[in-house]
Amino acid sequence: MAIESPPSPGRSGPTETQSRRHASLRTAVAPILDFLNDDAVVEIMLNADGRIWVEKVGVGMFAAKATMSPEEALRMLRLVATEMNAEI
């Protein structure tokens with residue numbers, strides 16, 4: 001998952017704030033990053049117990065080794081929403 005923003009006018013690269021936000025987002029999505037980068041993955045789900053389930057073409061659905069606490073999930077969702085200029 002490439003997390004990049006276009007440079008601000010007159011600047012050659014992302015601002016320090018953007019760099020920090022992107023670093024936070026990369027950390028927050030770390031448990032599911034491999035699945036986000038896999039074109040065969042069609043769905044990623046998080047159960048209330050923290051288990052991550054993945055549906056993959058040709059494989060079906062399986063429980064991933066990674067888990068995510070409710071706090072981690074909410075942090076990730078808030079960071080994604082911020083990048084999308086949305087609110088949750």
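Predicted model: local features only at pLDDT ≥ 70, side-chain atom pairs only at ≥ 80, totals over all residues.
Trainee: So helices (H or I, at least four residues) and strands (E, at least two) are DSSP runs, numbered from the N terminus. Which helix holds Glu 16 and Arg 20?

Mentor: Helix α1, residues 16-28. Residues are numbered from 1 along each chain as its sequence is written, and side-chain values use heavy atoms, with hydrogens and water left out.

Trainee: Got it. What do the side chains of Glu 16 and Arg 20 form when they meet?

Mentor: A salt bridge, at 2.3 Å from N to O. The term asks for a side-chain nitrogen of Lys or Arg within 4 Å of a carboxyl oxygen of Asp or Glu.

Trainee: Are they buried or exposed?

Mentor: Glu 16 and Arg 20 are both exposed. The classes go by relative accessible area: buried is under 20%, exposed is over 50%, and partly exposed is in between (1.4 Å probe, protein chains only).

Trainee: How many salt bridges does the count come to?

Mentor: Three. Another one joins Arg 21 to Glu 83, with the closest N and O atoms 2.8 Å apart. That pair links distant parts of the chain: Arg 21 is in α1 and Glu 83 in α3, 62 residues apart.

Trainee: Why does Arg 21 count as partly exposed?

Mentor: Because its relative accessibility is 31%. Glu 83 is at 23%, so Glu 83 counts as partly exposed too.

Trainee: Which residue does Lys 56 meet in a salt bridge?

Mentor: Asp 38, at 2.8 Å from N to O. Lys 56 is in strand β2, while Asp 38 is in the loop between α2 and β1, 18 residues away. Lys 56 is partly exposed at 25%, and Asp 38 is partly exposed at 22%.

Trainee: New topic. What is the order of the strands in the sheet?

Mentor: β1-β2-β3, in an open sheet of three strands with antiparallel pairing. The edge strands are β1 (41-46) and β3, as each pairs on one side only. Two strands pair if DSSP finds at least two bridges between them.

Trainee: How many bridges do β1 and β2 pair over?

Mentor: Five. Val 41 stands opposite Lys 56 there. β2 (residues 51-56) and β3 (residues 60-67) also pair over five bridges, in the antiparallel sense. In that pairing, Glu 55 faces Met 61.

Trainee: What about the hairpin of β2 and β3?

Mentor: It has three residues between the strands. Gly 58 takes a positive phi near 80°.

Trainee: Which residue has a positive phi although it is not a glycine?

Mentor: Asn 85, at about 55°. Asn 85 lies in the segment after α3 (70-83). It is exposed, at 75%.

Trainee: Last one. How many aromatic pairs does a search of the whole structure find?

Mentor: One. Rings of Phe, Tyr and Trp (its six-membered ring) pair if their centres lie within 6.5 Å; planes under 30 degrees apart are stacked, over 60 edge-to-face, and the rest tilted. Phe 35 and Phe 62 have ring centres 6.3 Å apart and planes at 65°, so they are edge-to-face. Phe 35 is in helix α2 (residues 33-36) and Phe 62 in β3, 27 residues apart.

Trainee: Is Phe 35 buried or exposed?

Mentor: Buried, at 18%. Phe 62 is partly exposed, at 27%.
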